[in-house]
Amino acid sequence: MNAATAALLANTLLTLHVGVVVFVVGLLPLVLIGGALGWHWVHHRGLRFTHLVLILYIAAQTWLDQLCPLTVWEQDLRRLAGQGGYREGFIEHWLSRLLYWDAPWWAFEVAYTSFAVLVAVAWWWVRPVARTR
């Protein structure tokens, strides 16, 4: 794989990663607000199941001292592209800043586990149903 292709794929993975973060973090308040306001789509079982499984996976990764596969793949692609660090453009720079925080590992364990508990509790506060209209 040439360096330009690896850089493009790394940027694509970074963008996908941000999308996953926005989905996982952003859906919880929407579910809670939507449950209170009667929004039908927040009860969609497939959406809610996907949300719960993702955050449980993320929390489990931290307990197992594992990095997210998207992070690992992006870093591997950046190395293939000859990028020792993040010598990025404007969009890459800010997407990276959004995703990558400098904190002790235990802080991520606490944050992800707490968030997973909130998502699980929201399952009972705003019950998902098999079909929505």
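Tyr 112 is partly exposed, its relative accessible area coming to 29%, and in this predicted model the residue belongs both to the lining of the largest pocket, where Tyr 112 is among the residues that lie nearest the centre, and to a cluster of aromatic rings. The points below take up the rings and then the pocket.

**Aromatic rings**

- By the rule used for ring pairs, the count comes to 3 aromatic pairs.
- Trp 39 and Trp 41 make a stacked pair, because their ring centres are 6.2 Å apart and their planes stand at 15°, which is under the 30 degrees set for stacking.
- Trp 39 is partly exposed at a relative accessible area of 31%, and Trp 41, at 38%, also counts as partly exposed.
- Phe 108 and Tyr 112 form a tilted pair, with 5.8 Å from centre to centre and 45° between the planes.
- Phe 108 and Tyr 112 are 4 residues apart in helix H5, so about one helical turn separates them.
- Phe 108 is buried, with a relative accessible area of 16%, whereas Tyr 112 is partly exposed at 29%.
- Trp 105 joins Phe 108 and Tyr 112 in a cluster that is linked by ring pairs.

**The largest pocket**

- The volume of the largest pocket is about 850 Å³, and its lining is made up of 28 residues, with His 17, Val 21, Ile 58, Leu 99 and Tyr 112 lying nearest the centre.
- Helices H1, H2, H3, H4 and H5 each supply at least two residues of this lining, and H2 gives the most, with 6 residues.
- Sorted by type, the lining residues comprise 22 nonpolar and 6 polar ones, and no charged ones.

Methods
Residues are numbered from 1 along each chain as its sequence is written. This is a predicted model: local features need pLDDT of at least 70, side-chain atom pairs count only at pLDDT 80 or more; totals for chains, interfaces and linings use all residues. Side-chain values use heavy atoms; hydrogens and water are left out. On a 1 Å grid over the protein atoms alone, a cavity is a set of points where a 1.4 Å probe fits but cannot get out, and a pocket is an open set with protein on both sides within 12 Å along at least five of seven lines; lining residues have an atom within 4 Å of a point. Grid points are joined across faces, edges and corners, and a volume is the space filled by probe spheres set on the points. Ala, Val, Leu, Ile, Met, Phe, Trp, Tyr, Cys and Pro count as nonpolar, Asp, Glu, Lys and Arg as charged, and the others, Gly among them, as polar. Rings of Phe, Tyr and Trp (its six-membered ring) pair if their centres lie within 6.5 Å; planes under 30 degrees apart count as stacked, over 60 as edge-to-face and the rest as tilted. Buried means under 20% relative accessible area, exposed over 50%, partly exposed in between (1.4 Å probe, protein chains only).
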